[in-house]
Amino acid sequence: MFFASDNWAGAHRSIAERLLAESAGFAPAYGAGDLDKKIETRFCEIFEREVSVFFVATGTAANSLSLASVQRPGGITFCHSEAHVIEDECGAPEFFSGSARLVAVDGEAGKIDPAKLSAKIANFPEDALRHGRASAVTITQATEIGTVYSLPEIGEIAAISRKRNLPLHMDGARFANALIALGATPAEMTWKRGVDMLSFGGTKNGCWCAEAIVFFDPERAREMPFIRKRAAQLFSKSRFIAAQFDAYFENGLWLDLARHSNGMSDRLRAGIGASNAARLAWPTASNEVFAVISKSAAKTAEERGAKFYAWPVPAAMPELVADGETLIRLVTSFATTEADVDGFLKCLAA
Ligand SMILES: Cc1ncc(COP(=O)(O)O)c(C=O)c1O
Ligand SMILES: C[C@@H](O)[C@H](N)C(=O)O
């Protein structure tokens, strides 16, 4: 019963087998091989347009280097107040961009509030020498708290960004989960709504270590080869990232894995919703569930082997948890089974 994070899951068998198959023989290094080119073409097909793709090792690298590529001296990137880039990346976005700053924007359900974004951007006029210059906006899809931006919501954030000619980045560490939750296509959920750059995550959805930066306008990608190499993120044996994506995309495996993962969270959501020993903290749509349970139920679950994290009560929801209760985060993955979910739900009823 492993619900701590999809980062705990292993690699899907098909991806592991493809890595093994690729491990023999020789191929040009540093992204110059045929398989690298094949995957770059595959990304263009998936997004229905010419894109530029850069493999990196982690989601943090994908986020930080994407934002670094559009920064300017005194630059400001606007993100949600609970965004991974501002809460969990140890200053990497600021570091790799040469000290650009992150400015938090509030919004309900883990999503940037458009009106608050407009107001924050207005605080940074183009000639604000001391205050800093608005340089980019970033949204997380699916968000850190398991919600997803609707297509119109993405379009609204993009329209605000575009008014000030600010590139819009999407942290897609759980991109496939959001696609399945919305029933959208990759193009509909990104460039067709005004997204300029994407951190495309494969690691949390069955890959061993496969992340990519995707630019929807190759002109914007001109500096990325140098930014990536300077950050020591250019894989010499890049074909092993390409091999993972090759299996990941083959026959739609990536979407099947996300569909399963979201489905296991659906099972959790239904079980918790029907329980009189727990309740959903807020509605979620991806592979993350946040629940309020009694501390005794949490203890029972942990004693029975369940792994999950307590989660900080959002500042905007001070009344969420009563005495004797705790807020927990449950994350499902491609490897989660119905037995895992049902076993956890039984702990709540114990
Ligand atoms: C929403 C989100 N973005 C980015 C990341 C960063 O990924 P990594 O831990 O691979 O740097 C994570 C990590 O799980 C995440 O949850
Ligand atoms: C904890 C957080 O940093 C990590 N990205 C996760 O989702 O598990």
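This report describes the sheets, helices and ligand surroundings of a predicted model.

Strands of a sheet pair through backbone hydrogen bonds, in either a parallel or an antiparallel manner. Both kinds of pairing can be illustrated here. Strand β1 pairs with strand β7 (residues 211-215) in the antiparallel sense, over 5 bridges. Within this pair, S52 has F215 of β7 as its bridge partner. By contrast, strand β5 (residues 168-172) and β6 run parallel and are joined by 4 bridges. Here H169 has M197 of β6 as its bridge partner.

Is strand β6 buried or exposed? In strand β6 (residues 197-201), 5 of the 5 residues are buried, so the strand is largely enclosed by the rest of the structure. In a regular strand the side chains alternate between the two faces of the sheet. In β6, M197, S199 and G201 point one way, while L198 and F200 point the other way. The residues on both sides are all buried.

## The surroundings of the two ligands

The residues around ligand 2 are S5, N7, H84 and D88. This shell has no nonpolar residues; 3 of its residues are polar and 1 is charged.

## Helix α10 and its cover

Helix α10 (residues 239-249) is mostly covered, with 9 of its 11 residues buried. The buried residues are R239, I241, A242, A243, Q244, F245, D246, A247 and Y248. Among the elements that cover them are α1 (13-22), α2 (34-46), β1 and α11. Just after α10, N251 has a positive phi of about 55°.

## The contact of helices α8 and α11

Two packed helices are described by the angle between their axes and the distance between the axes. The axes of helix α8 (residues 175-182) and helix α11 (residues 253-274) come within 8 Å and cross at roughly 75°. The two helices, α8 and α11, are therefore roughly perpendicular to each other.

On the α8 side, the contact involves A176, N177, L179, I180 and A181. These residues meet W254, L255, A258, R259, S261 and N262 in α11. The residues of this contact divide into 7 nonpolar, 3 polar and 1 charged.

## The four-stranded sheet

Another open sheet has 4 strands in the order β8-β9-β11-β10, with antiparallel pairing. Its edge strands are β8 (278-280) and β10 (309-310), each of which pairs on one side only. Strand β10 pairs with strand β11 (residues 325-331) over 2 bridges, in the antiparallel sense. In this pair, R329 of β11 is the bridge partner of Y309.

Helix α11 packs on this sheet, where it touches β8, β9 (288-294) and β11. The direction of α11 makes about 25° with that of β9. Helix α12 (residues 295-303) also packs on the sheet and touches β8, β9 and β11. The direction of α12 makes about 115° with that of β9.

## Residue R164

Where does R164 lie? R164 is found in the loop between α7 (151-163) and β5. R164 counts as partly exposed because it has 16 C-beta neighbours inside 10 Å.

Apart from neighbours within four places in sequence, R164 is in contact with I121 and A134. R164 and S135 are 29 residues apart in sequence, and their C-alpha atoms are 8.8 Å apart in space.

How values were computed: Residues numbered from 1 in each chain as written. Chains lettered and ligands numbered in written order. Predicted model: local features only at pLDDT ≥ 70, side-chain atom pairs only at ≥ 80, totals over all residues. Near = placed C-beta within 6 Å. Nonpolar A, V, L, I, M, F, W, Y, C, P; charged D, E, K, R; others polar. Axes fitted to C-alpha atoms, helices over the stretch in contact; angles between N-to-C directions. Parallel < 35°, antiparallel > 145°, perpendicular 65-115°, else oblique. Contact = placed C-beta atoms within 7 Å. Buried ≥ 20, exposed ≤ 12 C-beta atoms within 10 Å, placed from the backbone. Pairing = 2+ DSSP bridges.
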